[in-house]
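Me: I want to go through the labels attached to this model and see what each one rests on. Please set the value against the criterion each time.

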Amino acid sequence: MPQLIDAAAAWGDYDNDGDPDLLVSGLIIPDVSPSAGYVTRLYRNARDRGFTLVPTIFPPLAYSAAAWGDFDNDGDLDLVLSGLTTNVLPVKPSFSLPDGDTRL
Ligand SMILES: [Ca+2]
Ligand SMILES: [Ca+2]
C-alpha cells in the first residue's frame, strides 16, 4: 500500500463478500517512492492473503474525498469520489465500479 499525502481513504465492501475493502486516493510521497504521483486505488480484502489491487477506471487524484454508500438502495455500494487531477481540474463525482455496473 502506498504512503500518501493530501489523501483520502474509505472502507466499503464493494464486492459484497462480507469483508471491508479499501479505497485510497492521494499523492504518493516523493521522498518515499520513485513512482511519486497522484493515485486512486481500490484494494480488495482477500482475508488471509491480505489486500489485492483491483483494476479500476478511477482517475488519479489528490486532495481527495471518498465515501461509500448505497445511493440507489439496490443493496450494492456506490462510490462518490472527488479531488484534483494532475492538471488541477476537479473531477465529476460519478464512476463505474470494476464489474462495469454504473452505480451512480
Ligand atoms: Ca469485500
Ligand atoms: Ca447501490
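Me: What makes β3 and β4 count as paired strands?

Reply: This is a predicted model, and in it β3 and β4 are joined by four bridges in the antiparallel sense. Pairing requires at least two bridges, so β3 and β4 count as paired. Leu 42 stands opposite Val 54 of β4, and Tyr 43 has Leu 53 of β4 as its bridge partner.

Me: Why is Arg 47 called exposed?

Reply: Arg 47 has 10 other C-beta atoms within 10 Å. The label exposed applies at 12 or fewer, so Arg 47 is exposed.

Me: Which other residue has a positive phi without being a glycine, and where is it found?

Reply: Asn 16 has a phi near 55°, a positive value in a residue other than glycine. Asn 16 sits in the loop between β1 and β2 (21–28).

Me: Is Asn 16 buried or exposed, and how do you know?

Reply: Asn 16 has 10 C-beta neighbours inside 10 Å. With the limit for exposed at 12 or fewer, Asn 16 is therefore exposed.

Me: Why is Pro 2 called partly exposed?

Reply: The count for Pro 2 is 16 C-beta neighbours inside 10 Å. Buried needs 20 or more and exposed needs 12 or fewer, so a count of 16 puts Pro 2 in between, as partly exposed. Pro 2 belongs to the segment before β1 (4–12).

Me: Which residues touch the most other members of the largest nonpolar core?

Reply: The core has 15 residues, and Leu 23, Leu 27, Tyr 38 and Ala 66 touch the most other members. Two or more residues each come from β1, β2, β3, β5 (62–69) and β6 (78–84). β1 gives the largest share, four residues.

Me: What does Leu 23 touch, leaving out residues up to four places away in sequence?

Reply: Leu 23 touches Ala 9, Ala 10, Gly 12, Leu 42, Ala 66 and Leu 79. Each of these contacts has C-beta atoms within 7 Å, because that is the cut-off for a contact. One of the partners, Leu 42, is also the residue opposite Val 54 in β4.

Me: How many helices and strands does the protein chain have, and what share of its residues is buried?

Reply: The chain has zero helices and six strands, giving the pattern β-β-β-β-β-β along the sequence. Buried residues are 23% of the 104. Among contacts with a separation of 6 or more, 38% are between residues 24 or more positions apart.

Definitions and conventions
Residues numbered from 1 in each chain as written. Chains lettered and ligands numbered in written order. Predicted model: local features only at pLDDT ≥ 70, side-chain atom pairs only at ≥ 80, totals over all residues. Contact = placed C-beta atoms within 7 Å. Core = buried A, V, L, I, M, F, W, Y, C linked by C-beta atoms within 7 Å.
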